[in-house]
Structures are given as structure tokens and as C-alpha cells.
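This briefing goes through selected strands, helices and a pocket of one protein model. Please keep the sequence and the structure at hand while reading.

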Amino acid sequence: MPHTTHPSHQRPCGWNAWLAERQPRPALRGHSEADVVIIGAGYTGFAAASAWQQARPEDRIKILEADRVGEGSPGRNSGFMLEIALANDARPEELERMEKLNALSRQTMALLRARVERLGIDCQLERSGTYRAARSAIGQRALNQYEAFLKAAGLSYQTLNGSQLAERIGTHYYTQGIYSPDCYLVQPAALIVGLADSLEAGIELHERSPATQIVPDGKKWRVTTPEGSVAAGQVILANNAFSRSLGADPSRLTAIYTYAAITEPLPEPERQRIAATTWGLLPAHRLGCTLRTTADGRLMIRSRYSYEREADNARIEAGLKASLEARYPELTPVHFEKVWGGTTGLTYNGAPLWGEIQPGLYVSAGCNGGGIVKGTYLGDALARHALGQPVEDIASLFGQASWMPPDPVRRLGFYLTSEMGRRKAKNET
């Protein structure tokens, strides 16, 4: 299957429906020059641009975004901003590496929060913490493993039985859970739009300008879009799995589509029982459902996966309704106001594809579902690396993306693994 340079979605991003209309930045037209071009106006791209501008304020910095800001993957996530690495990012015995990762995550989150507060970005940022919950035996085993990880790392958490968890999130579906305070929730589209509209002077953003080709041009790179081109000495690929079509290694990246739906504001008294506070729940088992509430009393669910192509959203919607009704039968029939799909870049071992891939061409991709905080840090680090500044040892901290077999073996492996996991963890999905 040929890879594209940007995703195409069946439905608009639901989070954008509650934002004020904004005027997109002009598309790239004609030919221009820059010192650095950044492909992708997401958390990684914006962090790279800000780090570059701080180091070299006189440089010409261009960011190319394929869609309108907020309609791409950065606006389509669930808005979890984790201050600590996910449980499958490190085993308990790797505590030294874990400690360094968590320190970087907390530092990055603190900088993001300070930026939001300084610029007055209205994105409903709140340190709500996050729950992990399980219903089945396989989910409970994953939860126990996560608790062992938290305990060994010396991190704060609370264990909750089914009744205690039900008091917090309004459902008796789960048998046990864990609460960790180390997470913020945010309205993701509001955050990424707010960051776009408060870029430092000297950073030029072009929306609706997908990069279609990157080719050598003397000692520079020429980046082509449908209406223009730009030549630059250095290029940073920050468009996740879609960087494969622009020079990143396709044997180490896969695009996975995930799906989310959000209800209308819940009626009383359900709102008081379920969504009186803003909370978020991540599944103990990787194939489980993500849940969260919003500041205006809605309930969001994210679940279901497809490989490289977006599945029919109407069929996905039916599955999401069934999952939410199983957890909250009193809401039956569930009425979703918005349903949408989004992409994430996955690597086989969960490590990022990061660094210089050709002279002057750099990539940071494969955040594996942890894009806001991790992507921000890795984008900042990549700009420092490209500028020749000191950088943490990314490979020792995060690992290096491992090789995956090509299609059709990769596709078959994904579906076999997903189907086996779905059957074993059917009560978690």
C-alpha cells in the first residue's frame, strides 16, 4: 500500500465543534526560502519551532500543516497529558531510566502549563489525575503489573475496589482500579489551536499546505506543496507515521487509526453522578476503552483500532455505543453528538523513530499514543540536536524503534494479534 504524507478523515474532529471560528493561516504559495522547515503543526512541530526560535531568533522558520490546525491528529486525541511514563514504557527493574524519564515528563508538563497560563490559552487544563480500571482476569493481571510498576518507582497511587471506583466515575462495570495523580486533562483541539495562535514572532505557519515531496536542492532541501515550495538547509519531519513518505524509515513505523465519540451534555441526575467532576480513565489492558468527562458534563469514549486505513465510522459508532452502554446502562440509548477517527504512529517496541536520517533531514515520530507531553519533549530535543546543542541520550532513555516486517506480513500480524487480544479481553473493550 502506498503511504501518504498526511491522513484523510471521514468526519471532522469533534473537539473543534465547541471552539470559536478562527481564520486559518495562509497556505504556502510560490517559492520561498527558509533556514528550517518543520512538517506538521502538532505538539512535536511547535516544540521544535519554539526551541529553534529561542536559539536562533533571526532564522527564518516555516511550519507546514496539511490541514487546518486542530483538525489533524494533535486535535483528535483524548487530551491526556501524562506526567509519568506509561507502565509498558519501563519495567520496575529499570528504575534509573524510569526516574530520568519521569523527571523529563514533569519538567515538560510544567513548561506546557506555564505557557498555557502565560498566554491565557483557554483549553480547560486541569490536573485531574487518571484512573486505570479492569473488569476481567486479564485486565486485573495488567492492573496488578501496573501497580507493581508504580510501587517500585515510588510513585503516588491509590488502589480502589469496584464500589470505591463506582463512587468516583459512576459505573459498577469495573471490579478494581488504581488512581494516579500524575496526569492532566485538556481540551486537545483548544490547546493545539491556542499554541498555533501564540507562536513566537519569526515562526511562519502555513495551514492547508501538505508537504508532498522533499528532494535535495544543491546544499538544501526543497519541500513541495500543492501551491508552492520552500528551500531550506534543514528540515524536521514532525508528521508522525506519515513521515514515511518523506524520507523516514517505513520499516519502523505503522499508522493506526483509533476512534472516539462524545455524548451530548448528560442530563441531571446522571451528570451529577457521572460527570460532576472532570476525570479520565485509561484501560488496564491495551485494547480496552478510554473514558473521560468534560468540563460541560459530557462523556467521551475512545476504543477500536484499524490498520493503516480508517474504518467505516458508522460501524465504529455502533461498537462505541455498545461499549458505553455496557458501562452505563442507564444512559441507553446513548446519543453521541460527535464521532471521529484519528491516527497514531506506532513502532513495534514502543520506542520513537528519532534523529537525523540524512544530512539536514530529521525526524521525530512514533509517540505510540503518548503524543502531547512526550511529543513536546522530543520535538524540543530534536531541534537542539539539529542545532548542535547538548541533548539527553534519547536512545538510552526511550530506546530505538525496531524493525517490522513489511506487508502483508505486518498487516496479518496486526489483525491476528488484535483479534486474539480482543477475544481474551472482550470484557475490557
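In which sense do β5 and strand β6 pair, and over how many bridges? β5 and β6 (residues 176-180) pair in the antiparallel sense, over four bridges. The model is predicted, and the points below are grouped by topic.

**The open sheet**

- Eight strands make up an open sheet with mixed pairing, in the order β5-β6-β4-β13-β14-β15-β12-β16.
- The edges are held by β5 (158-161) and β16 (336-346); each has a single partner strand, so one side of each is left without a neighbour in the sheet.
- On average, neighbouring strands of this sheet are turned by 25° against each other, direction ignored.
- Within the pairing of β5 with β6, Thr159 has Ile178 of β6 as its bridge partner.

- β4 is largely enclosed by the rest of the structure, because five of its five residues are buried.
- Thr130, Arg132 and Ala134 point one way from β4, while Tyr131 and Ala133 point the other way; all are buried.
- With β6, β4 pairs in the antiparallel sense over five bridges, and Ala133 stands opposite Gly177 of β6.
- With β13, β4 pairs in the parallel sense over three bridges, and here Arg132 stands opposite Leu282 of β13.

**Helices across the sheet**

- Helix α3 (residues 137-152) lies across β4 (130-134), β5 and β6, and it runs at about 30° to β6.
- Helix α4 (residues 162-169) lies across β4, β5, β6 and β13 (280-283), and it runs at about 100° to β5.

**Strand β11 and its partners**

- Nine of the 10 residues of strand β11 (residues 228-237) are buried, so β11 is largely enclosed by the rest of the structure.
- Strand β1 (residues 30-39) pairs with β11 in the parallel sense over nine bridges; Gly30 stands opposite Gly228 of β11.
- Strand β10 (residues 220-225) pairs with β11 in the antiparallel sense over five bridges, and a hairpin of two residues joins β10 to β11.
- Thr224 has Ser229 of β11 as its bridge partner.
- β18 pairs with β11 in the parallel sense over three bridges, and the bridge partner of Val235 in β18 is Leu361.

**Ser364 in β18**

- Is Ser364 buried or exposed? Ser364 has a relative accessible area of 4%, under the 20% limit, and therefore counts as buried.
- Ser364 belongs to strand β18 (residues 361-365).
- Leaving aside residues up to four places away in sequence, Ser364 touches Thr44, Leu237, Ala238, Leu353, Trp354, Leu378 and Leu382.

**The second largest pocket**

- The second largest pocket has a volume of about 490 Å³.
- Its lining consists of 20 residues, and Ala47, Gln54, Leu111, Thr376 and Asp380 are those that lie nearest the centre of the pocket.
- Two or more lining residues come from each of α1 (43-55), α2 (95-119) and α8 (371-386).
- Which element gives the largest share of the lining of the second largest pocket? The largest share comes from α2, with eight residues.
- By residue class, the lining of this pocket divides into 10 nonpolar, five polar and five charged residues.

Note on methods. Residues are numbered from 1 along each chain as its sequence is written. This is a predicted model: local features need pLDDT of at least 70, side-chain atom pairs count only at pLDDT 80 or more; totals for chains, interfaces and linings use all residues. Side-chain values use heavy atoms; hydrogens and water are left out. Buried means under 20% relative accessible area, exposed over 50%, partly exposed in between (1.4 Å probe, protein chains only). Contact means heavy atoms within 4.5 Å. Two strands pair if DSSP finds at least two bridges between them. Axes are lines fitted to C-alpha atoms, for helices over the stretch in contact, and angles run from 0 to 180 degrees between N-to-C directions. On a 1 Å grid over the protein atoms alone, a cavity is a set of points where a 1.4 Å probe fits but cannot get out, and a pocket is an open set with protein on both sides within 12 Å along at least five of seven lines; lining residues have an atom within 4 Å of a point. Grid points are joined across faces, edges and corners, and a volume is the space filled by probe spheres set on the points. Ala, Val, Leu, Ile, Met, Phe, Trp, Tyr, Cys and Pro count as nonpolar, Asp, Glu, Lys and Arg as charged, and the others, Gly among them, as polar.
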